[in-house]
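Please read it alongside the sequence and coordinates.

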Amino acid sequence: MILAIKNALSTVAPKLTYDVLIENQADGTVKATLLSLPECQGFGATKEEALNNLIQLVQARKPEIVTLEIEPAKTEHPWMRFAGMFQDDPQFDEVLEYIEEYRRELDAEMEEYYQQIETQENSK
């Protein structure tokens, strides 16, 4: 039973894929290097031999890819320390009214500006 599970897992496990840099050496040999693991290098007289040696090296290391999920450290939003700091200020409502009025003025100015542009485009 255990052997059947092992065989099933080995056929289900996806193949690992790597990008490999192939370099011809000055002495006539070939070097194959895993770009993601530069310390893993296979050497050989030919490209195929270097790749086979690299494959054997990687298989000997028995690589395993896992997904690791790390929660970020819990930190307070920097603006939270200012939340509610004006709740007891008697002028707070007055300031909010001023802001709303100023926004209405800006909106009116922008509406007028857009109407001028539209009028200019229509007159062309």
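A nonpolar patch is made of residues with over 30% relative accessible area and no salt bridge, with nonpolar side chains joined within 5 Å. The model is predicted.

**Nonpolar surface patch**
- W79, F82, M85, F86, F92, V95, L96, Y98, I99, Y102 and L106 form such a patch on the surface, and together they have about 1100 Å² of accessible area.
- One of these residues, Y98, is found in helix α3 (residues 92-123).
- Y98 counts as exposed because its relative accessibility is 58%, where exposed means over 50%.

**Helix α2**
- The 15 residues of α2 (residues 47-61) should span 21 Å at 1.5 Å a residue, which agrees with the 21 Å between its end C-alpha atoms.
- A50, L54 and V58 are buried in α2.
- Down the axis of α2, the buried residues fall within an arc of 70°, so they line one face of the helix.
- These buried residues pack against β1 (20-24), β2 (30-34) and β3 (41-44).
- The face turned away from the buried side carries the exposed residues E48, Q56, Q59 and A60.

**Salt bridges**
- The whole structure contains four salt bridges.
- E39 pairs with R61 in a salt bridge, with the closest N and O atoms 3.5 Å apart.
- E39 lies in the loop between β2 and β3 and R61 in helix α2, so the pair ties together parts 22 residues apart in sequence.
- K31 forms a salt bridge with E23 at 3.6 Å between the closest N and O atoms; K31 counts as buried at 16% relative accessibility, and E23 as partly exposed at 30%.
- K74 and E71 meet through their side chains in a salt bridge (3.5 Å, N to O); K74 is exposed at 75% relative accessibility, and E71 is exposed at 63%.

Definitions and conventions: Residues are numbered from 1 along each chain as its sequence is written. This is a predicted model: local features need pLDDT of at least 70, side-chain atom pairs count only at pLDDT 80 or more; totals for chains, interfaces and linings use all residues. Side-chain values use heavy atoms; hydrogens and water are left out. Helices (H or I, at least four residues) and strands (E, at least two) are DSSP runs, numbered from the N terminus. The expected span of a helix is 1.5 Å times one less than its number of residues. Buried means under 20% relative accessible area, exposed over 50%, partly exposed in between (1.4 Å probe, protein chains only). The arc is that of the directions from the helix axis to the C-beta atoms. Contact means heavy atoms within 4.5 Å. Patches are made of residues with over 30% relative accessible area and no salt bridge: like charges are joined within 9 Å, nonpolar side chains (Val, Leu, Ile, Met, Phe, Trp, Tyr) within 5 Å. Accessible areas come from the Shrake-Rupley method with a 1.4 Å probe; for residues, only the protein chains shown count as cover.
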